[in-house]
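Please load the model in your viewer and keep the selection tool at hand. The stops below each begin with something to select.

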Amino acid sequence: MTSFIDFINTLGLLHLTAGNIIMMIVGLTLVYLAIKYEMEPLLLLPIGITAVLVNLPLNGIANWPVAVNLPENVSDSIFRTIAYMNQHYGEPGLFDLVYYLLVKTEVVPLLIFFGLGAMTDFGPMIADPKTALLGAAAQIGVFVAMLTALALGFNLHQAASIGIIGGADGPTTIYLTTKLAPEILAATAVAAYSYMSLVPLIQPPIIKALTSPEERRIRMEQLRPVSKREKILFPIITMIVIGLLVPSAAPLIGMLMIGNLFRESGVVERLSKAAQEELMNIVTIFLGLGVGSTMRAESFLTAQTLEILGLGVVAFASATAGGVLFGKLMMKLSGGKINPMIGAAGVSAVPMSARVVQRLAREEDPGNFILMHAMGPNVAGVIGTAVVAGVFLALLG
């Protein structure tokens, strides 16, 4: 009889909570959005289905809590952390190892940046360096969201992690949150990637509200050709300069620029292709599994999560507005030669926000082609967000 009762107690169904059910619905919703509407499917699909799995009780695939206040003599070493977690929370499940060894150690986010560098063409920004200012201006969204988060009662570390969502850069958001506020990683990651996929819906109303049809019709001069030498020197110089000025940003910028050097050098095409395809695919899978494993009912179903999701909209909207307004300033200073809409591409949702700008330009003038001009601030936004993350780490890390 005792054995039968013990067997009954092992049935996950008896341990299923209302929170587990809600989180499974949330996970399945992400899966639906990824499949039906192709909303960032490469990440929302693995995140969503993993969220379903970790909320099935007693499966042993995720046994360790995501955020733990570790003793000082433990937190500075991943090996001591693993030993501590094993001693206090039992044997790790698969997702515990993925999260603690690959995500929390920043291995996966940094490799994502390496792949992004191999996929990115910085030529438009090199051809017109002043567009980098638009990428910097769009970072205003980071600080608006951060200050709003502080006003809502989040601590400084959490507010910085929430604010970085405004950079529209998922890997940077995960990288910074893992270091500063791992307890809100799931919410910030879901917000960042969900709203990145909604850029075509979020940005157009803001752009149209801040610009006139005449401004949206402005045609820009064709960009000058960029030499191979310039493209090779750019990642090297950028990595050294930013590494010296903002050392905390060096890991992100360094991996981004190494990947880009592989692309532009022309002598390691096989490695560049591997970084863009095989490596990027593998680390994307691990990133999705690691983030999804943090979406457990006990840590995700809080009022803070809803606030973070709302602040994500604030971050994206204010980043878009900041870029457009600075674009209008540059338009006036240039005597009307710059289309202010390209400032909206300063958020680093590459190349989605640049395509949004191009679509709006063609709605006003079918012959207006400003996609490459928008790509300048678009790729600059990637660098800008990484630098801001580095500054936050230097001040708070």
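In which loop does Asp-169 lie? Select Asp-169: the loop is the one between helix H11 (156-163) and H12. Helices here are DSSP runs (H or I, at least four residues), numbered from the N terminus.

Before going on, note that this is a predicted model, in which local features need pLDDT of at least 70 and side-chain atom pairs count only at pLDDT 80 or more, while totals for chains, interfaces and linings use all residues. Residues are numbered from 1 along each chain as its sequence is written, and side-chain values use heavy atoms, with hydrogens and water left out.

**Around Asp-169**

Stay on Asp-169, which is buried (under 20% relative accessible area; exposed is over 50%, partly exposed in between; 1.4 Å probe, protein chains only). Asp-169 has no salt bridge, a salt bridge being a side-chain nitrogen of Lys or Arg within 4 Å of a carboxyl oxygen of Asp or Glu. The nearest side chain of opposite charge is Lys-179, 16 Å away. For charge, Lys and Arg count as positive and Asp and Glu as negative; His and the chain ends are not counted.

**Glu-106 and Lys-179**

Next select Lys-179 and Glu-106. They form a salt bridge, with the closest N and O atoms 3.3 Å apart. This pair links distant parts of the chain, 73 residues apart: Glu-106 is in the loop between H6 and H7, and Lys-179 is in helix H12. Glu-106 is buried, at 15% relative accessible area, whereas Lys-179 is partly exposed, at 39%.

Check the backbone of Glu-106 too: phi is positive, about 70°, although the residue is not a glycine. Most residues other than glycine have a negative phi, and most peptide bonds are trans.

**Two backbone stops**

Select Leu-58, in the loop between H3 and helix H4 (72-75). Leu-58 also has a positive phi, near 65°, and is exposed, with a relative accessible area of 53%.

Then move to Pro-351, in the loop between helix H20 (303-333) and helix H21 (352-364). The peptide bond from Val-350 to Pro-351 is cis, with omega near -10°.

**The largest pocket**

On a 1 Å grid over the protein atoms alone, a pocket is an open set of points where a 1.4 Å probe fits, with protein on both sides within 12 Å along at least five of seven lines; lining residues have an atom within 4 Å of a point. Grid points are joined across faces, edges and corners, and the volume is the space filled by probe spheres set on the points.

Colour helix H18 (269-292) next, one of the helices that supply at least two lining residues. H18 provides the largest share of the lining, six residues. By class, the lining has 22 nonpolar, six polar and three charged residues. Ala, Val, Leu, Ile, Met, Phe, Trp, Tyr, Cys and Pro count as nonpolar, Asp, Glu, Lys and Arg as charged, and the others, Gly among them, as polar.

**The second largest pocket**

The second largest pocket holds about 520 Å³ of space. Select Leu-70, Ser-75, Lys-104, Thr-178 and Lys-179, the closest to its centre of the 23 lining residues. Helix H5 (78-89), H12 and H22 each give two or more residues to this lining, with H12 giving the most, three. The lining divides into ten nonpolar, eight polar and five charged residues.

**Salt bridges to finish**

How many salt bridges does a search of the whole structure find? The search finds 13. Select Lys-328 and Glu-215, whose side chains meet in one of 2.9 Å, N to O. Lys-328 in helix H20 and Glu-215 in helix H15 (residues 213-216) are 113 residues apart. Lys-328 is buried at 19% relative accessible area, and Glu-215 is buried at 13%.

Last, select Glu-214, Arg-216, Arg-217 and Glu-364, which salt bridges with shared partners join into one network. Within it, Glu-214 and Arg-217 meet at 3.6 Å, N to O, and Arg-217 is partly exposed at 34% relative accessibility.
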